[in-house]
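Subject: Structure for handover

Hello,

Here is the structure we discussed, with a short account of what was found in it. Please look it over.

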Amino acid sequence: SVQAVADTIRDIVADRATMDSPPNDLLDMLLAARDEEGNQLSDTQLLDEMMGIVFAGHETTALTLSWATYLLATHPEIQAALQQEVDTVLGGRPATTEDLNHLPLTRAVVMETMRLYPAAWITTREGLGADSIDGYALPPKALILINIYGLHRSPDYWETPDDFNPQRFIEESNYPKGAYLPFGAGPRKCIGEPLALMEAQLILATLMQQASVQLDSAHPVTPFPQFTLRSKNGVWVNLTPRS
């Protein structure tokens, strides 16, 4: 339950206060943070920040991997190429962070999945003052909705935007960065981007090393945009162990 997670986080924070040499991690950064007046985060603020990291980090990565299995199941030739890459690089051993730079297709599949099905499919920004965008007047404090899903599929920026084509991301310079915002952009860009990319690549490489995925046709996949972009009835696939 949410309460159980909150209690666990409180215990971790309490334990951290008794450490002589705490690790230099995100929790330490939050404990050391001070505002303009020199005040540290309150217990409630600290709990809110940690809860956001815990829940946002696991749900969005899980959704990305769900959509990746759907796309690989419906594109068996890309799935086969991905398995070949994983087999060649790993040689049957478990994937580690040191392998990430040697798995370009694995990374490209994750990135192309986030283009077609970004977990954070829409975001907002509040204007500081009056402004205009392409001749459209914005009053002060205007709430601006950024349609990330629509931007990712716009033919103005992407060739064959509805196609699943991981090759777009094999070379970093091959895609329009201003039109690719799975983690947002600017000073409020998602702090979890490096962790999410690492998690997704390692999990996907491990899955492809051990199994093949086929779509379960009895359960149609229908995008369902809520707070995050999920499938209305889930993503159902059949796993076949690889010999």
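Axes here are lines fitted to C-alpha atoms, for helices over the stretch in contact, with angles running from 0 to 180 degrees between N-to-C directions. Helices are DSSP runs (H or I, at least four residues), numbered from the N terminus. This is a predicted model, in which local features need pLDDT of at least 70, side-chain atom pairs count only at pLDDT 80 or more, and totals for chains, interfaces and linings use all residues. Residues are numbered from 1 along each chain as its sequence is written, and side-chain values use heavy atoms, without hydrogens and water.

Helix pair: the axes of helix 5 and helix 7 cross at roughly 115° and come within 9 Å. On the helix 5 side, T106, R107, V109, V110 and M114 meet L197, A200, Q201, L204 and A205 of helix 7 (contact means heavy atoms within 4.5 Å). By class, seven residues in this contact are nonpolar, two polar and one charged (Ala, Val, Leu, Ile, Met, Phe, Trp, Tyr, Cys and Pro count as nonpolar, Asp, Glu, Lys and Arg as charged, and the others, Gly among them, as polar).

M208: this residue also lies in helix 7. M208 counts as buried because its relative accessibility is 0% (buried means under 20% relative accessible area, with a 1.4 Å probe and protein chains only). Leaving aside neighbours within four places in sequence, M208 is in contact with L72, Q79, L82, Q83, V86, V213 and R242.

Regards

Notes: Helices (H or I, at least four residues) and strands (E, at least two) are DSSP runs, numbered from the N terminus. Buried means under 20% relative accessible area, exposed over 50%, partly exposed in between (1.4 Å probe, protein chains only).
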